[in-house]
Structures are given as C-alpha cells and as structure tokens.
Amino acid sequence: MKPYPDSSRTAHAAGPLCTCPARSGRVLAAALLSVALAVPLSSATAWAQAGAAPVTRAAPDAGIVDEDTDTPYVPTPADVVERMLHLAGVGKADYLIDIGSGDGRIVLTAVTKFGARGHGIEIDPRLIERSRLAAKKLGISDRAQFLTQDLFESDFSKATVISVYLLPKVMQLLTPKLAALRPGTRIVSHDYAMLPEWQPDMTLRMFVPDKPVGRDRHSTLLLWTVPAPVAGRWTFDLPAAQGGGRVEIAVSQSYQMLTGKATLNGQPLDLAGLRIDGERLRFALEPSGRAERFRHEFDGVVKGDGVAGTATFNARSAATTAKWEARVAR
Ligand SMILES: C[S@@+](CC[C@H](N)C(=O)[O-])C[C@H]1O[C@@H](n2cnc3c(N)ncnc32)[C@H](O)[C@@H]1O
C-alpha cells in the first residue's frame, strides 16, 4: 500500500510528499550524522536512505538554514498512528497537539476514532491546507484545527497529549519545553527519543509493513508523562493512632526518576517505592530496624507545594486508611 497515493510532487521512492525545495543529500546526511549517537542507526539511516527532502527553516532576512533541525515530511502509517494514540491513552477528555502535523492524520484520527479534540501545527502551508480540507470533509473542523506555525515558536500549553515524529535533534531541543508542560501531559513519539536524561516511561516496537522509510519495517513508539516537580523537603505528621511524630522526606528528582531519604522524628526510616507518575506521588515507609513492624503507604496528587491523598497504615494484621496531606519546602 502506498502511504501517500495522491502525492504528485514526490521526491521519494515510497511516496511521501516533498514539501519544500529539494536540498542536497549531503545536508540531510550531515544533519542525521550529527545526531546518529542519539538514535537507533536503523532509524537515522532510514530517512537518509529514503532521500526524503527536509523542510528548510530559513531566517526570514538572512536565508540562513539550521541544518540540524530540518525535519522532512514523512507520514506515520495509519496503524502506527492508532497505536500511538492507544499508547497515550487518548480519550474524549483529551486535547492533542501534533507538532509538525504533516497532512494532519494524527489529529484527524484522534478526533474521529478517539473522540478527542486537538490541533496540528505545521510549517508548510500546503500541508495545512490539505489537513483543513480533510477536517472539513469529515465534518470535524470545529474539533480539529491546523495552524501554520514554526514549532520552535509555538505554545503547547493547551495540550493534554502531544504527538511528535521529528528528528532527534529537534526532540532534544524541545525536551526542556516539553518537560515544563503541565504535569500529567503525555507525550508520544514515533521513532525518536528526547534527551537521554529523560528516558521514556514506555517503549513499544511494532512491525510496520507499509513503513515508507527504513529497511527493517519497524517503528518504535515512545511514551513520556510530564512529572510534577517534587524535589525538596516534604513534611507531615503521622496520626496519633499510628504513634504520631513528624515525617520528613528529602526528595531529589531528575525528570521522573526520584531518590529520597526519610526520617521520623529525626530517626531514619526506610523509604520504598518512591515514584511520580504525572501528578501522582507514591511511596511507602517502613521501620529501618526489625524491632517494630509496619508499612505505611502514601498515595496523593501533587498540586503546587502540596500533596493530598490517602495513607494506608499497615501495622500487625490490621490496615487502616486515612486522608493524608503533606507540604514541600524547596
Ligand atoms: C516526519 S513529518 C511527521 C508528520 C506527521 N506528524 C505524521 O506523523 O504523519 C514532520 C513534519 O514536521 C514539519 N516541520 C518540520 N519543521 C517544522 C517546524 N519548524 N515547524 C513546524 N513544522 C515543521 C514537516 O513539514 C513535516 O510535515
């Protein structure tokens, strides 16, 4: 199956539309080589081998092109689009932004098959025109919009889900901006990772017989959830029924990776299962020695400098649950 049967201006054996003046293979090869360390070789070479021509990013007055950030138009095959949206758990409550939306297929699918709303941003006005026409034909123009914008100057704050199929260098440049989105925002990427410091929460590899680029006919899907910032010193009091006392937990954070140390009235406690999933903070406290036996489990939603949720106190054979709140000093 041709991924893009109506393409008349293709410079690509497998079909994708070239949306820009063709540029030398040397330029694209250089761009891909410069990031080869950060991507699977098969993927990096795939686009180069496919000869897909990049959309140029020229400074308006000087005609300067940033060669590392020219992402060519290569459409994501339909079955991969669906898997990406499933992986991100897209549903009716979601607002999806596809960054570099091509012919709009990811936004259109999110709206028609997953009940979401959203918009695509795309630098090529011809692809925007095509996307808007498709939305109109489907009768979903009110829920699927397309904006001619440069992704480096766009606002993504409205999104609950972001989708991307962009070159590794662009992903790396975008990493800080994406990590600063509202906690809980999911980001799903086709083939390419963020900066190595922000590892995906989930990775999935799938066979894609109609993939327009690459030799091995596989795609890698990656998912991240923006974590709430939780680094700092958290404090709260244990209920009197649990013996009372002040708990302090010092948390260090690198994206979703947390480490911490806990004390009860200044005495060390074991801190287990400390994790952040979007806004959801969880951990358990256990006695450091074996003299006493308990396991207190905490599960709450982080809002600003506070967390609120439930605590389950497991002591001897009984378990009780109570409301729980804590504050952080950063
Ligand atoms: C690999 S295609 C992905 C298209 C679509 N998201 C999909 O997965 O089918 C990348 C798209 O990003 C667009 N693009 C490249 N640089 C851009 C920029 N600076 N701002 C906005 N879009 C850009 C390209 O025109 C191209 O359509």
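**Salt bridges and aromatic pairs**

Asp216 is partly exposed, with a relative accessible area of 33% (buried denotes under 20%, exposed over 50% and partly exposed the range in between, with a 1.4 Å probe and protein chains only). The model is predicted, with local features requiring pLDDT of at least 70 and side-chain atom pairs counting only at pLDDT 80 or more, whereas totals for chains, interfaces and linings use all residues. Residues are numbered from 1 along each chain as its sequence is written, and side-chain values use heavy atoms, with hydrogens and water left out.

The side chain of Asp216 meets that of Arg205 in a salt bridge at 3.2 Å, N to O (a side-chain nitrogen of Lys or Arg within 4 Å of a carboxyl oxygen of Asp or Glu). This pair links distant parts of the chain, with Arg205 in strand S6 and Asp216, 11 residues away, in the loop between S6 and strand S7 (218–225) (helices, H or I, of at least four residues and strands, E, of at least two are DSSP runs numbered from the N terminus). Arg205 is exposed, at a relative accessible area of 53%.

A search of the whole structure finds 15 salt bridges, including one between Arg330 and Asp305 at 3.0 Å, N to O. Here Arg330 lies in the segment after strand S15 (318–329) and Asp305 in the loop between S13 and strand S14 (306–315), so that parts of the chain 25 residues apart are linked. Arg330 is exposed at 54%, whereas Asp305 is partly exposed at 35% relative accessibility. In the bridge between Arg105 and Asp103 (3.0 Å, N to O), Arg105 is buried at 18% and Asp103 is buried at 11%.

The structure also holds 9 aromatic pairs (rings of Phe, Tyr and Trp, the last by its six-membered ring, with centres within 6.5 Å; planes under 30 degrees apart are stacked, over 60 edge-to-face and the rest tilted). Trp198 and Tyr255 are stacked, because their ring centres lie 5.3 Å apart and their planes at 15°. Trp198 is buried, with a relative accessible area of 1%, whereas Tyr255 is partly exposed at 23%. A second stacked pair is formed by Phe283 and Phe298, with centres 5.0 Å apart and planes at 25°. Phe283 belongs to strand S12 (residues 280–287) and Phe298 to strand S13 (residues 294–303), so this pair ties together parts 15 residues apart in sequence. Both Phe283 and Phe298 are buried, and together with Phe236, Phe313 and Trp324 they form one aromatic cluster.
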